[in-house]
Amino acid sequence: MKDRPSRESTPSRNSDTDELPVSQESGLTQTFQSATRDRDPHALDGADIEADVILIAHPDSQRLGSRYRLSPGTTLEIGRSSSVRISLPEVMSLSRKHARLRYAGPTVTVEDLGSTNGTYVNGQAIHGRTVLRSGDRFQTAAVHFKFLHEQDVENAYHLAIYELVARDGLTEAYNKRKYEEEALRELGRALRHRRPLSMIIFDLDEFKQINDTYGHLCGDFVLKQVASLARELVRPEQVLARVGGDEFVILAPETGAEGAETLAVKLQERILGLDHRYGDVKISVTCSFGVAELAEGMTTPQDLYQAADSALLQAKREGKNRVGVQRG
């Protein structure tokens with residue numbers, strides 16, 4: 001079985017950036033929601049509403065959950081320079097002064113400051129000033145943020161932290177922690193009620209070569225495209241999660257091996273048929289898949305995972321860009 005990356009570390013509290021340890025999220029959210037229920041809804045003047053920018057993805061998983069306040073009439077710059085408000089000198093893909101947020105009148109705008117790797121809002125490159133709306137995601141090089149502009153900014157912040165605990169910031173798929181929780185729950189239900197449960201594991205073929213040839217920003221772009229295709233195909237009761245660098249899992253309740261294989265083949269064909277174009281460069285992207293169904297003798301999620309992983313390794317050995325199935 002291949003080595004898997006360890007779970008991302010939890011950030012610590014930092015008074016300069018107001019970072020929140022995600023392990024404290026649940027209790028703090030309950031405390032804050034209790035407080036906001038007693039708050040006078042007319043106490044906030046629209047002119048005094050603050051906005052929040054929350055860091056949700058970082059190439060080295062640093063500062064996750066960091067919150068940066070933006071008050072009316074102020075600006076906030078992002079870059080590697082020590083002179084900007086959100087200074088990230090460790091992220092070499094950022095320009096020294098990469099992007100600027102401006103809170104003018106009732107709106108907040110973001111503009112790219114002539115950066116090398118661009119600024120994106122909801123996946124689209126921006127040119128000039130672009131208005132941000134509450135809930136928008138924006139990206140400066142390899143760093144991703146969530147923008148919140150609500151009358152109750154604090155409550156929205158804690159809801160965003162809850163999402164951060166459960167979802168991978170880059171691909172928006174569930175993260176490894178959420179996958180492990182869902183796998184335990186679904187396995188228990190399948191064993192208790194004798195219902196089918198299948199798992200699909202897939203990863204990108206030659207992903208390291210993509211990173212080495214075109215850079216990690218291109219690699220991130222490809223991962224987001226693949227995750228987006230997978231989200232379109234999975235049903236609401238199925239769980240799509242990113243559990244490693246380029247490795248994803250689909251947990252499929254009420255589905256046997258044949259149904260899971262059909263889903264894997266559809267996704268394989270969709271990925272192969274998509275025009276993966278990064279700028280002017282067309283990139284060849286394929287994935288290999290391993291499928292397994294819960295069988296007699298399997299008592300833990302790891303048992304099912306290992307069976308699907310063995311099928312994935314077999315698909316790799318047989319030439320990649322194919323679906324392997326572990327038959328019970």
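Which residue stands opposite T119 in β10? The views below give the answer.

**View 1. The whole chain in a predicted model.** This is a predicted model in which local features need pLDDT of at least 70, side-chain atom pairs count only at pLDDT 80 or more, and totals for chains, interfaces and linings use all residues. Residues are numbered from 1 along each chain as its sequence is written, and side-chain values use heavy atoms, with hydrogens and water left out. The secondary structure of the protein chain comes to seven helices and 18 strands. Helices (H or I, at least four residues) and strands (E, at least two) are DSSP runs, numbered from the N terminus. Of the 328 residues in the protein chain, 48% are buried; buried means under 20% relative accessible area, exposed over 50%, and partly exposed in between, with a 1.4 Å probe and protein chains only. Among contacts (heavy atoms within 4.5 Å) between residues at least 6 apart in sequence, 59% join residues at least 24 apart.

**View 2. The open sheet of six strands.** The order of the strands is β2-β1-β11-β10-β7-β8, and the pairing is antiparallel. Two strands pair if DSSP finds at least two bridges between them. Because β2 (67-70) and β8 (124-125) each have a single partner strand, they stand at the edges, and one side of each is left without a neighbour in the sheet. Five bridges join β1 (residues 51-57) to β11 (residues 143-148), and I54 has K146 in β11 as its bridge partner.

**View 3. Strand β10 and its two partners.** T119 stands opposite T140 in β10, and three bridges join β7 (residues 119-121) to β10. Four bridges join β10 to β11, where R137 stands opposite K146. Two residues lie between the strands in the hairpin of β10 and β11, and A141 takes a positive phi near 55 degrees there. In a regular strand the side chains alternate between the two faces of the sheet. In β10 (residues 137-140), R137 and Q139 point one way, F138 and T140 point the other way, and all are buried.

**View 4. The open sheet of five strands.** This sheet has the order β4-β3-β5-β6-β9, with mixed pairing. Its edge strands, β4 (86-87) and β9 (130-132), each pair on one side only. Antiparallel pairing joins β3 (residues 75-79) and β5 (residues 99-104) over four bridges, and I78 has A99 in β5 as its bridge partner.

View 5. The expected span is 1.5 Å times one less than the number of residues. Buried residues of α5 include L217, V222 and L229. The axes of α5 and α6 (residues 257-273) come within 10 Å and cross at roughly 140 degrees. V226, L229, A230, E232 and L233 in α5 meet L263, K266, L267, R270 and I271 in α6.

**View 6. Helix α7 and its surroundings.** Helix α7 (residues 301-317) has 17 residues and reaches 24 Å from its first C-alpha to its last, close to the 24 Å expected. Among its buried residues are P301, L304, Y305 and L312. The buried residues of α7 pack against α3 (176-193), β12 (197-204), β14 (247-253), β17 (287-293) and β18 (323-326). G319 follows α7 and has a positive phi, near 125 degrees.

Technical notes. Axes are lines fitted to C-alpha atoms, for helices over the stretch in contact, and angles run from 0 to 180 degrees between N-to-C directions.
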